[in-house]
Amino acid sequence: MSTVTHDHDTAHHGEHHHHAPSGLKRWLYTTNHKDIGTLYLLFALTMFFIGGAMAMVIRAELFQPGLQLVQADFFNQMTTVHGLIMVFGAVMPAFTGLANWLIPMMIGAPDMALPRMNNWSFWILPFAFAILLASLFMEGGGPGFGWTFYAPLSTKYSGDSTALFVFSVHIMGISSIMGAINVIVTIFNLRAPGMTWMKMPLFVWTWLITAFLLIAVMPVLAGTVTMVLTDKYFGTSFFDAAGGGDPVLFQHIFWFFGHPEVYIMILPAFGIISSIVPTFARKPLFGYASMVYATSSIALLSFLVWAHHMFTTGMPVFAELFFMYCTMLIAVPTGVKVFNWVATMWKGAMTFEVPMMFALAFIVLFTIGGFSGLMLAITPADFQYHDTYFVVAHFHYVLVTGAIFSIIAAAYYWLPKWTGHMYDETLGQWHFWCSLISVNMLFFPMHFVGLAGMPRRIPDYALQFADFNAFISIGGFAFGLSQLLFVWVLVKCIKGGEKATDQVWEGAEGLEWTLSSPPPYHSFTTPPEVK
Amino acid sequence: MQRQPDHLPLIKRLLLATALMFGFGFALVPLYDVFCDLTGINGKTSTMAATADKAVVDAKRTITIEFLARPNADMPWLFAPQTKKMTVHPGEIKLVYYEAQNPTAATMTGQAVPSVSPGQAALYFNKMECFCFNQQVLTAGQKLLMPLQFYVDPALPEHFSTITLSYTLYDMTKHAPAETVTAQVSTGGNDE
């Protein structure tokens, strides 16, 4: 690690705090991208633990066959709200938080382009989730139709919490769209002189593409929940066959949103890994341009594959083949990325600090999730895998060991920059190894019970699955507890620790590492020159 | 501080894109219907009566037709086909009856919605007369025989040998406007 002095960061501290409001008002009124980034990240962490607690309820119930702890209705609410919280409350806000913190620092801008909208887009989020969580306590319970809220489950057979569910999804959607507009405007208009498109860091590129995906599909989700609302309460028949509608139409519209949505949750992760791997391999990223094109083509293809979630709805063979081949085609740009990361490490002078460990685990485990995705893409095979634990294993590999691991890696990687202190490396390594072992205990056996036919979203199961499920649950509890180590590391690092240098990591390159650690409240008030 | 660039044109374009995509979600509804009408992939049959003037009977092929009927969960009527299964030649015109009874003490309106499986065969299953074209009104305890006259288009692709026609009967009492009530007596045998 370099030994650059950082006398100017104390000078910066003095000049900006005298006019800022203090206490709660500082956070409520803030338009600063760093403050809002921190708020997003802390909110995502809170939601990660709330959604995680629900996963613990699910795993505790599934520890043994039969119904022990909760009733089937409540179990359904847990699977539903766990999914909604993790997707819209944990992963997406965490990425938005990283975007807020990092994009202005990476492109040499003083702040996000639309700071007031930034404040607004964060502060409506707690209300959205307060509404969703409160619905769990109303008479009849919260939404229990799965996070995919298929009609007619959500239109005909749901309770009155559906209205609250719909409004909270509306608010989440508005928040995401505002966040996306802010990211696009910032990247288009506030790049430092000389920062051409093909010089942008990959995290910025992947977020730009993600933001376009958000603008394209979050309004479709808003439309879908609106149709559910009017079908349920205002007598329309979008999805009701009695009135000339079609329940299968729901699945088409939902997955037209849903499939780009899963890329919204993974593209920024690709950007993070593409930042971390070169640093710890001490080599520039292999194949920068191909990474940009691969990300763009994944985003475009994501609009052509939605019906692979619906192979069992009785589609014509031609359509099944079309969606099968399009889905498999996505493996090509994704493979390009994985090969590029491996090639970046090839003959590099590698070290294995915590961010790199999580990044390496991401590359291996996300690829496993990609492979099970390829298996699911095979139409005839999908008829067996559909709605089993194999699917659960697949999407948890891409979302937990994919998206979440990348977010944790990003937190460790940029934490010294944000706080000015190094985190505790030993504790971080403990966190990594406990997470790695437990997460595989948790999700890997799900492949086996899934292939053997255990259906998902059911609180009970046949006796032959008992041993595997007990094992999975132990893995689940261990993974949940391991994340407390993460909180310990975070608190310790925020409170103090070894002073971080400006560059923090020996091999780190990019504009954010030229700033002091922690960076000044307003960074790049005069734009840097990018050569 | 650097000069603030003008963000407004880009923001306007992005907001417009958002609005358009919100509209696109709703546009998917009619698009889906048109697409399904053209391809018949969701098993929806035509809601218009077919004519049989140019149909030629193809005696070399036989197609098995299965008839299913069930009242929707909220529908108290009894509803069943008189014929469960029959074999037909493509082009041959057949007449079958479905039985419906309203066991409640109130006058109710019902609407049957057909679905054909496999879905792609729906384009070739032609109904010349069907109770599903209209809503049915049954007084308390009334029983009704409802006719279905159909033929299978001889152009039906070779690989189809069985077509299943399924009706689901929905309670439309709350939604039925009074003038859509149709006289059943003229079309089917109305045996009290």
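Which residue in β8(B) does Ala100(B) stand opposite? In this predicted model, Ala100(B) faces Leu144(B) of that strand.

Chain B contains an open sheet built from four strands, arranged in the order β2-β4-β8-β6, with antiparallel pairing. Two of these strands, β2 (78-81) and β6 (125-130) of chain B, lie at the edges, and each of them pairs on one side only. From one strand to the next, the twist averages 25°.

## Pairing along β4

Strand β4 of chain B covers residues 94-101 and pairs with β2(B) in the antiparallel sense, over four bridges. Within this pairing, Phe79(B) has Ala100(B) of β4(B) as its bridge partner, while Ala80(B) stands opposite Glu99(B) of β4(B).

β4(B) also pairs with strand β8 of chain B, residues 143-152, again in the antiparallel sense. Eight bridges join β4(B) and β8(B).

## Two packed helices in chain A

Two packed helices are described by the angle between their axes and the distance between the axes. In chain A, helix α6 (residues 125-134) packs against helix α7 (residues 161-189) at an angle of about 160°, and their axes are 8 Å apart. Because of this angle, α6(A) is roughly antiparallel to α7(A). The crossing in which α6(A) passes α7(A) is left-handed.

On the side of α6(A), the contact is made by Leu125(A), Phe127(A), Ala128(A), Phe129(A), Ile131(A) and Leu132(A). The residues of α7(A) that take part include Leu164(A), Phe165(A), Phe167(A) and Ile171(A). Sorted by class, the contact of α6(A) with α7(A) has 11 nonpolar residues, two polar residues and no charged residues.

## The contact between the chains

How many residues does the contact take from chain A and from chain B? Chain A gives 29 residues and chain B gives 26 residues. On the side of chain A that touches chain B, α7, α8 (202-233) and α9 (247-264) of chain A each supply at least two residues.

The largest share of that side comes from α8(A), with seven residues. By class, the side of chain A that touches chain B has 22 nonpolar, six polar and one charged residues.

Note on methods. Residues numbered from 1 in each chain as written. Chains lettered and ligands numbered in written order. Predicted model: local features only at pLDDT ≥ 70, side-chain atom pairs only at ≥ 80, totals over all residues. Pairing = 2+ DSSP bridges. Axes fitted to C-alpha atoms, helices over the stretch in contact; angles between N-to-C directions. Parallel < 35°, antiparallel > 145°, perpendicular 65-115°, else oblique. Left-handed = near helix turned anticlockwise from the far one by under 90°. Contact = placed C-beta atoms within 7 Å. Nonpolar A, V, L, I, M, F, W, Y, C, P; charged D, E, K, R; others polar.
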